[in-house]
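This briefing is for a reader who is new to the structure shown below.

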Amino acid sequence: MIDYSKMLSQKIVNIKPSGIRKFFDLLNEAKDVVGLTVGQPDFETPWHISEQAIKSIQNGKTYYTANSGLSSLREGISAYLERRFNLNYDPEDEVIVTVGGSEAIDVSLRALIDPGDEVILPLPAFVCYEPIIELCGGKPVIINTKAENKFRLTAQELKEAITPKTKLLVLPFPNNPTGAILDENDLEEIAKVLRPTNIAVLSDEIYAELTYGRKHKSIANIEGMRERTIIASGFSKAYAMTGWRLGYIAAPREITAQMYKIHQYGIMCAPTASQFAGLEAINHGDEDIEYMKSHYNRRRILLLDGLRDLGFECFEPEGAFYLFPKITDGSITSEAFCEKLLHEAGVAIVPGTAFGECGEGYARLSYAYSVQHIEKALDRIEKFMKNR
C-alpha cells in the first residue's frame, strides 16, 4: 500500500488551493446564474490578430522559436513599451517571451528568492504571489492595504515592513481585485524608501493598458528604479488574448540572464502560433486597446453607480476591470454572503477573502461583461437586497 503522505512534497501539500477555484466549483453546480466572476475580456481576440496565427500554421511555422521568443516579437515588445510607457529595454537580452503573465511572475520570483528571504506583498492581490513565494522558500510579509487609502500601498507602510531580510517588493498595480492604481506621486514616495536599499521590485503590469482618467505610470520610469525593477506583463487583458497564453518579462540584463535559465529548462519557449499573434497585436493593436477600454469604462461606471444606488460602499476603481465593494457589516462573512447571493439570487461574485484575509467584508465583481449582463446582475442583486 503506497503511503502518499510520504511520497508527496510537504511544501506542496501545505499550499492552500485557490479561493477563487473553490467558489467556481460552487458556481458550476448552480443553474441560471449571472456571473460577474471571471477576469477575462468578453471580447473575441480581434480577427487580424487571430489571422496571423492561422497564417503561421498554414505556412508551416510550427517549430520551436528561440527560447526567449521570436526576435521580431521581442523587438515589437521593446518598441511597444517605449511607445506606450516611455520604457527602454534591449530586445536582445532584456526581454523574455513567456507562457502568459503567470509564467513571467513565477520565473521572476524563482530567480530572486532564496530560502529565508522576505518578500513584501500588498494585499488584497491576485492569488498566485503568496504560494509561489512560499514554494521558493521565501517568507511573504503581508501589508493589508486599506479602503480609506483606496487600497494603495503607502510609503510609510512599506518602510515599516522592511527588515534586513527583505529581498523583494511585489507591486500588483493596477490591482486585481480592487481596481486600485498607484499614481506618480505614490511611486515617487515608494522610490524614496527603496533607493537606499538593495531591494528588488516585481511590478505586475498586466492591466497597464486598462486605466481610466489617467495613463499608467511604471515604477521603472522613476529615477533609480529601472535597475531594480522587473516588469511582468502580457497580452491577455489588453488584447483579449487570455487563452493564447502569451506574456513577457522586461528587466535589466543582469536579472534576465538568470530568468532565462529557468525559462529555458522549464518551458523551452512560448507557443509559436501565439507568438505570431502577439507580434500582430503589439505592432497593430493600439486601436483595439482603445476600443475595448472605452467599453470597459462604460461598464465600470454602470456597475459602480448601480452598486452605490443599492447602498453598497465602493470606492471608484481607476484600473483593471474589477470593483471591490464592501458587502457585509460583519454580521455575515463574505463567503457566506456570496453563497447566499448565488443560491438565492443566481448571481455569482467572488468573496474578497479569496485575495487575502484583509478582503473579509468585501467581494470582487468583474465588469468584463456586456452592459446587458451587468444590468441583469444588478436587477437580481436589487431583489436579493430587498428580501434580506
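In this predicted model, a search of the whole structure finds 23 salt bridges. One of the bridged pairs is Arg110 with Asp106, whose closest N and O atoms lie 3.1 Å apart.

**Helices α4 and α11**

- Helix α4 takes in residues 47-58 and helix α11 residues 272-284.
- The axes of α4 and α11 come within 8 Å and cross at roughly 145°.
- The crossing of these two helices is right-handed.
- On the α4 side, the contact is made by His48, Ile49, Gln52, Ala53, Ser56 and Ile57.
- On the α11 side, the contact is made by Ala273, Phe276, Ala277, Glu280, Ala281 and His284.
- By class, the residues of the contact of α4 with α11 are seven nonpolar, four polar and one charged.

**Largest pocket**

- The largest pocket holds about 720 Å³ of space.
- It is lined by 27 residues, of which Lys16, Glu130, Thr353, Ala354 and Gly356 are the closest to its centre.
- Four elements each give at least two residues to the lining of the largest pocket: helix α3 (19-29), strand β3 (118-123), helix α7 (129-135) and strand β4 (139-144).
- Helix α7 gives the most to the lining of the largest pocket, with four residues.
- The lining of the largest pocket consists of 15 nonpolar, six polar and six charged residues.

**Second largest pocket**

- The volume of the second largest pocket is about 620 Å³.
- Its lining is made up of 27 residues, and the closest to its centre are Gly39, Phe126, Asn176, Tyr207 and Lys237.

**Largest cavity**

- The largest cavity has a volume of about 80 Å³.
- Its lining has 14 residues, and those closest to the centre are Tyr80, Glu205, Ala208, Ser233 and Tyr248.
- Helix α5 (71-85) and strand β7 (229-234) are the elements that give two or more residues to the lining of the largest cavity.
- Sorted by class, the lining of the largest cavity has 10 nonpolar, two polar and two charged residues.

**Second largest cavity**

- The second largest cavity contains about 40 Å³ of space.
- The residues that line the second largest cavity are Leu307, Phe312, Pro325, Ile327, Phe337, Leu341, Ile349, Leu365 and Ile381.
- The lining of the second largest cavity has nine nonpolar residues, with no polar and no charged ones.

Definitions and conventions:
Residues numbered from 1 in each chain as written. Predicted model: local features only at pLDDT ≥ 70, side-chain atom pairs only at ≥ 80, totals over all residues. Heavy atoms only, no water. 1 Å grid on protein atoms, 1.4 Å probe; cavity = no way out; pocket = protein on both sides within 12 Å on 5 of 7 lines; lining within 4 Å. Points joined across faces, edges and corners; volume = space filled by probe spheres on them. Nonpolar A, V, L, I, M, F, W, Y, C, P; charged D, E, K, R; others polar. Axes fitted to C-alpha atoms, helices over the stretch in contact; angles between N-to-C directions. Left-handed = near helix turned anticlockwise from the far one by under 90°. Contact = heavy atoms within 4.5 Å. Salt bridge = Lys/Arg side-chain N within 4 Å of Asp/Glu carboxyl O.
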